Amino acid sequence: MEVPLESAADEVTRLRDCLNDLVSITALPALSTGGEPGQILSTLLDALLGMLRLSFVFVRLNDPEAGDSIQIVRLAESLEGTARAREISEAIDSSLGDAPLNRPPHVRVIIGDVDLSVASAHLGLQGQNGLVVAGSERRDFPSETERLLLDVTANQAAIGLQHARLLSEQKRLEELAQRRRTEEAQREGERESRLIVDSIPGLVALLTATGDVEVVNRQVFEYFGQTLEELRQWGTNDTIHPEDLPQVIEVFTRAITSGSSYEIVQRFRRSDGVYRWFSNSGFPLRDANGHIVRWCVLLTDIDDLKRAEAELRRAYDHLAEAQRLSQTGSFTSDLATDEHCWSEEFYRICEFEPGSKVTIQRLGDIVHPEDVPLYEGAIQRAIAGTEPVFHFRIVTSRGVVKHLRGFAHRIADRPVFVGAVQDVTASRVAEDALNKARSELAHVARVATLSTLTASIAHELNQPLSGIITNAGTCLRMLDANPPNVEGARETARRTIRDGNRASEVVALLRALFSKKEFALEPVDLNEAAQEVLALSFSELQRNRLIVQSELADDLPSIIGDRVQLQQVLLNLLRNASDAMVGVHDRPRQLLIRTEREDGDRVRVTVRDAGTGFDRQSMDNLFEAFYTTKSDGMGIGLSVSRSIVERHHGRLWAEPNDGPGATFSFSIPRGPDSGTDAAPLMRHS
Amino acid sequence: MGTPSLVSVVDDDESVRESLPDLLREFGFAAEAFSSAEAFLASDVVSETSCLLLDVAMPGMSGPDLQQELRRRQRDIPIVFITAQGDETVRPRLLAQGAVECLFKPFSDTALLDALNAALRMR
């Protein structure tokens, strides 16, 4: 390089300045700290522009990865406005060529109307990173030092860029690694959470702070059989039982609004359409600042529990109801420790406060004074180990007397018993009333039958008596005649004797009927009994113009029974049949009495009339006391008749005929041998 | 003494049919006996009968039935009922329906004669 001598001092100064500049450039902070390539280059260009008093400096930085290049131009003030960076770039490209290594160290370039000396240096050993171009109006540009400075600057730029690239690459890798670690940790956490959430024996859902369904566990999908999107529509798609929905919406909305947890029992529809009961509880998840970030919802299937609960409740209600209806209480009693557990009904029967403490003494205190020995006896027997059947009365605090009946069953080695106790007061009272009514009825029936008999007896006796008196009167008048009609008198006297005998026969018949003071069992020929009753009733039946037909079986066996009672039954049936036909004028008043042998060693008697009959509806009432279809009847005959037949272990029934009228029949076993014990017949009240 | 008045007896009881005509003849009446109302109506003595001794209860046509039938035929024969049924309520009812008397069996011969005389006076 040619250097004028006279400027040696200047040269020294310039060298010193150059050194300073070199130091300045290498010490530029942007080069060592890394940073954006554009920033590094800008700093270098600014430094170069100032140091070398350049008209412009240009840098092109190739980015080997992206393929694009960065171009930066710095212009001296004198050149500003006269040329643009793109023009400089184009001019440089056209004068320097594309191949970096073949570029001439310096050329002359006309940019706009300015003639410039231009020098270039490449970035990177092969110039692969780009190039730096500096231009000056000075003809001598670049001097040796300027060339040096330009190369150093380019080198520094390349180093700086490299350094920056390394730094940024390192940083990028670090960030990448960090991100990978974070993601991995996050994935791991999610896997764990998912595992935990999916393993929970319940349905779990996470909602957003505003209550929208965000995440649900596997169980939720399996139960509902819905997609996440469908689950979000729970308020409108019958996911919740329609009856529960309004309340659920209200509770849920209030919880979301107020931020407090909730719990509600409701029904959710399963994938098969069946609604099951769930406990639905939700609570908010908050961040460090206490703001709600999510809601966690747990759904627990309590359907089986609920069902069992309902079943238990129903069973309990049924038991209580059954105890109430049957007025039966139950109890468990430990007689050794005097500890007792009573059912509600037992408390009610005793009129004790439900649930109050019960002791042997407390119950003993309300036992009827007359029954205390019965009560204590039962307790003693139970303590001794027998299973007691007890029956005693209590007097409640209201003074009500109740009959209690019960039994207990031992369930342990000690005297611990399970038992039942029933309030039988009503049935006892009813039984007493029934007995009373029955004996009253029997009395009324006897009186009624007696009055019927009296009328029959009177009629049967009056007929022969009338004949006797008439004949006797005639006889006297014949004897008083002049001359006396002896032959006529004899004839009338003969008739008098005949009628007297006839009256005597009636009396004998009555005696046969009533001679037995005690009701007793004896062999009874029902044919004979029926004939006697027909004979007794003959005039009455005749008066009512009945056509009486009897079909009495020849082979009828005798039965063992009370003759008079059975004749009362027959008389009653005949009288009913006769009464039923009084109003009949359009057809024969036919009455049939039939006896026959029945299978099973029984005898049947049938009385069939052609009267007004009865309809099927009233059949059940026929045998009730005081039920009557007759305007002047008392309605006791059939009820008493049935009780008589039943005392003979027989059966009395009625059937409407196919035609007009009705048929009454009774059937009784031959006797004690063929049936059951006839002893109750003796117990006549 | 002219032709005796005819008294007809209608009763289903044989002893009455045997005994009463003899007594009536002792009283001086002519007497005929019939075992049923139907038999009496079928006989030729209906128009000649001055008084009817009529049983109340009989198989077939009863005493009151015969009374109505005679009234329907405009045979106004005085009727004395005789009954073995000791029911006091029967008498006023029969009297109200136009019977001369109602005698309860057994009755005395004088009671019968009084009733017959009362009946014949009505003719």
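Author: Grid points are joined across faces, edges and corners, and a volume is the space filled by probe spheres set on the points. This is a predicted model, in which local features need pLDDT of at least 70, side-chain atom pairs count only at pLDDT 80 or more, and totals for chains, interfaces and linings use all residues. Side-chain values use heavy atoms, with hydrogens and water left out, residues are numbered from 1 along each chain as its sequence is written, and chains are lettered from A and ligands numbered from 1 in the order in which they are written.

Reader: Which residues lie nearest the centre of the second largest cavity?

Author: They are Val213(A), Trp234(A), Phe268(A), Val297(A) and Leu299(A), out of 19 lining residues, where lining means having an atom within 4 Å of a point.

Reader: Which element gives the most to that lining?

Author: β8(A) does, with three residues. Among the elements that supply at least two residues each are β6 (203-208), β7 (213-216) and β8 (262-269) of chain A; strands are DSSP runs of E with at least two residues, helices are runs of H or I with at least four, and both are numbered from the N terminus.

Reader: How do the lining residues divide by class?

Author: There are 15 nonpolar, four polar and no charged residues. Ala, Val, Leu, Ile, Met, Phe, Trp, Tyr, Cys and Pro count as nonpolar, Asp, Glu, Lys and Arg as charged, and the others, Gly among them, as polar.

Reader: And how much space lies in the largest cavity?

Author: About 290 Å³. Its lining has 19 residues, with Phe331(A), Ser333(A), Leu363(A), Ile379(A) and Phe390(A) nearest the centre. The largest share of this lining, four residues, comes from α12(A). By class, the lining of the largest cavity has 16 nonpolar, three polar and no charged residues.

Reader: How many cavities of 30 Å³ or more does the structure hold?

Author: Six.

Reader: Let us turn to the interface. How many residues of chain A and chain B are in contact?

Author: 24 residues of chain A are in contact with 24 residues of chain B, contact meaning heavy atoms within 4.5 Å. The two chains bury about 2,200 Å² between them, 51% of it on carbon and sulfur atoms; this is the accessible area (1.4 Å probe) that two parts lose on being put together, summed over both.

Reader: How many salt bridges does the rule find across the interface?

Author: Five, a salt bridge being a side-chain nitrogen of Lys or Arg within 4 Å of a carboxyl oxygen of Asp or Glu. One of them joins Asp13(B) and Arg502(A), whose closest N and O atoms are 3.0 Å apart.

Reader: Which elements of chain A give two or more residues to the side that touches chain B?

Author: They are α13 (425-480), α14 (486-514) and α15 (526-543). The largest share, 15 residues, comes from α13(A). That side of chain A divides into five nonpolar, 12 polar and seven charged residues.

Reader: Lastly, the backbone. Where are the cis peptide bonds?

Author: One joins Phe141(A) and Pro142(A), with omega about -5°, and Pro142(A) is in the loop between β5 (130-136) and α5 (144-199) of chain A. Another joins Lys105(B) and Pro106(B), with omega also about -5°.

Note on methods: On a 1 Å grid over the protein atoms alone, a cavity is a set of points where a 1.4 Å probe fits but cannot get out, and a pocket is an open set with protein on both sides within 12 Å along at least five of seven lines; lining residues have an atom within 4 Å of a point.
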